[in-house]
Amino acid sequence: MTLNLNNFPPATIPDHAEALRSDVKAFIAEQLAGVPPHIRARTWSGFDANFSRAMARRGWIGLTVPVEYGGAGLDAFARFVLVEELLAAGAPVAAHWIGDRQSAPLLLHYGTEAQRRDLLPRICNGELFFCIGMSEPNSGSDLASVRTRAERVAGGWLLNGQKIWTTYAHKSHYMIALVRTSGTSDDRQKGLSQFLIDLSLPGITVRPIMIGTGDTDFNEVFFEDVLLPDDALVGTEGNGWAQVNAELAFERSGPERIYSSLVLLDLWARLLGDTPDPLDAGRLGRFVARLAPLREMSVAMTALLAKGEHPITEAALFKDMGTEIEQQIPVEIADAVAQRLDGPHDPELLQTLAYLMQLNHVFSLRGGTREILRGMIARGLGLR
Amino acid sequence: MSDDTDTALLVEGFRRQLAALVTPAVIREIEDGASPQSLWASLDETGFVDAMLPESLDGAGLDLAQAFPLVLAAGEHAVPLPFAETMVARAMLAQHNVLVPAGAAIVLAGRSALIPCAGVAGHALLDRDGQLVLVACSAAGSDLFRTRSATGIHVGETLATPAASDDGVLLASAAVAAALMAGAMTRVMEMTLSHASDRQQFGRPLGKFQAIQQQLAVLAEQVLSAQVAARTAFAGRGFDATRVAAAKCRANEAATSVCNIAHAIHGAIGATAEFDLQLYTRRIKQWQLAFGSESYWAERLGRARIAARADTTADFLRLHLATGSA
């Protein structure tokens, strides 16, 4: 395989999906009225259960989940439109984000009928929030080395081990975790399975990790002789690695990989006024020029996902470039702002900028590091 | 011509003819000063130079999007004559019922530090005093990249002044340059991937080293995004300033990393006259200097973003820079 323009066939968002946009815009305008940019800049890191439930009441969680399971039965394009609007405005979507983006599609694809009937309607109505248990203290980029283990016992599975960097585990109801069910770390991708873990079960301890900004979105999660019921297994025992990989195209192809600094960019652009100096106009234009083909790629991948394809290499290429510009926007706006020693410096702009300057260096870590992604692209180019 | 399969077949036929006609040896002969006449006659004979003319004028009636792969292919083959430029110029003139002299090679001469192919063309399309103008011309000044370009042109007889044009020729020039760059970068990527598999150091192919793999991944990213940006500039009925600005800005930015990485992986041999890589990278560098740099187009794009008064940049991208908005 090689990578060329055919991997991103030109695609247009169909009218039925575009039709959703004005309703979403109106909803956001109402819900986010008065919320300042430095709060909105949190976007998909911002957790607000009330906001998520308001979305659920509109039928906007689980947009692609079939109606019989409580979803809206719409396609990937409709979800693209919804998500693009939410992220561009900086809506606090974290509470339902993982469940909507990954867990629901995963359960739909690999879950049993009973799991689907039980969980999907509650994800869609904003009752259940999900987190993902992947990383462990000794398993970061080398995910296949996970050591958390589930052993078959009478009546289910006994889970022991530890996950880390689990975003919003302390506010979630369920974790979907990748754990070892047979063999050892030396067996690598073999012997891994995915489990649905009810976080209220005995033996589970969630401990927050505070980062330098004072935020506590991340957690360590400890499992000590946690008895999971039989039906906690998701999909097939031993098939966890393939199942996790199938999620990656969903996780890496969306607008969240290009819009994380958009609230800052648009605040700065607004403050430039109608007649920016050539240097600032040029900075703004370069951001736009880099974002434009990336949005095209994201729409193209949405079309592929809608057809049931899994553009995993394409998504890696897109995410690597997308997070680069998300990181670069605060860098160059900081450069522009502090070039003027005597200001004027808008206080809200400074606060929004400072928030992103303290986080932009980690944008390339979440969802697969730069080096891992580039390795995947190299494989796509036939080099591995 | 509307059927996708027909267009794909047409493009395939064109690529085969280019591969036969425009060999590296032919490119070198023309760079060394040989007459372009015989290659131009062969290219003209393929009929593709009229591909964008309506079928009533014996063209294939291709729209911009359908013609885009032909321009990309011309870039991939480093066609040393203004094939893509002439194809687009003929289409622009035909819209105003101007038929150009048979066999004329036309350069798109938007405002620029240099005009690619000016040394091998007898005609130019210009924006002059608010008018679209077809003139007879000859090269003036230097051929900075040994590509038969020129830093200027002597303008001769005015042959047609069919329509008003503020910067229509500049937009067409930059759009075609962005697509030719994307094509040439595609070839540079293929050559670099193949060199990385063939060349052995420390007992294994270069492409097996992680450090090289990571660079090749970046190369692919840059090429793909320049291709997508150029395709968007060819999405509408005509060349739109905002989409052209994004395409040329992105192509110019990508070109720097693409050439750096490709030459780094080839080593010194890639820059030698006898090796083909430099045929493509020299042209890419020439186009970087032609029809506006990344800063020129970025400034225009930034001003367009502000003038549009979009609520968010996402709105601006969707309404002005998406394939679907064309």
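**Entry 1**

I began where helix 10 (residues 278-306) of chain A packs against helix 10 of chain B, at an angle of about 90° and with their axes 6 Å apart. The axes are lines fitted to C-alpha atoms, for helices over the stretch in contact, and angles run from 0 to 180 degrees between N-to-C directions. Helices here are DSSP runs (H or I, at least four residues), as strands are (E, at least two), and both are numbered from the N terminus. I noted that helix 10 of chain A and helix 10 of chain B are therefore roughly perpendicular to each other, a label for angles of 65 to 115 degrees.

This is a predicted model, where local features need pLDDT of at least 70 and side-chain atom pairs count only at pLDDT 80 or more, while totals for chains, interfaces and linings use all residues. Residues are numbered from 1 along each chain as its sequence is written, and chains are lettered from A and ligands numbered from 1 in the order in which they are written.

Which residues meet here, in helix 10 of chain A and helix 10 of chain B? On the chain A helix I found, among them, P278(A), R283(A) and A289(A), and on the chain B helix the list includes S295(B), W297(B) and R305(B). Nonpolar means Ala, Val, Leu, Ile, Met, Phe, Trp, Tyr, Cys and Pro; charged means Asp, Glu, Lys and Arg; the others, Gly among them, are polar.

**Entry 2: the whole interface**

Next I looked up the chains: 44 residues of chain A are in contact with 39 residues of chain B, contact meaning C-beta atoms, placed from the backbone, within 7 Å. Which helix of chain B gives the most to the side that touches chain A? Helix 7 of chain B does, with 14 residues. That side of chain B has 20 nonpolar, 12 polar and seven charged residues.

**Entry 3: inside chain B**

Chain B is divided into domain 1 (4-166) and domain 2 (176-325), with bounds from an automatic or database domain assignment. Their C-alpha centres lie 22 Å apart. Domain 1 of chain B puts 25 residues into the contact and domain 2 of chain B puts in 24. On the domain 1 side, helix 4 of chain B supplies the largest share, nine residues.

**Entry 4: chain A**

Finally, I found 13 helices and eight strands in chain A. Its C-alpha atoms fill a box of roughly 70 × 45 × 45 Å, taken along the principal axes.

Technical notes. Two residues are in contact if their C-beta atoms, placed from the backbone, lie within 7 Å. Angles under 35 degrees count as roughly parallel, over 145 as roughly antiparallel, 65 to 115 as roughly perpendicular and the rest as oblique.
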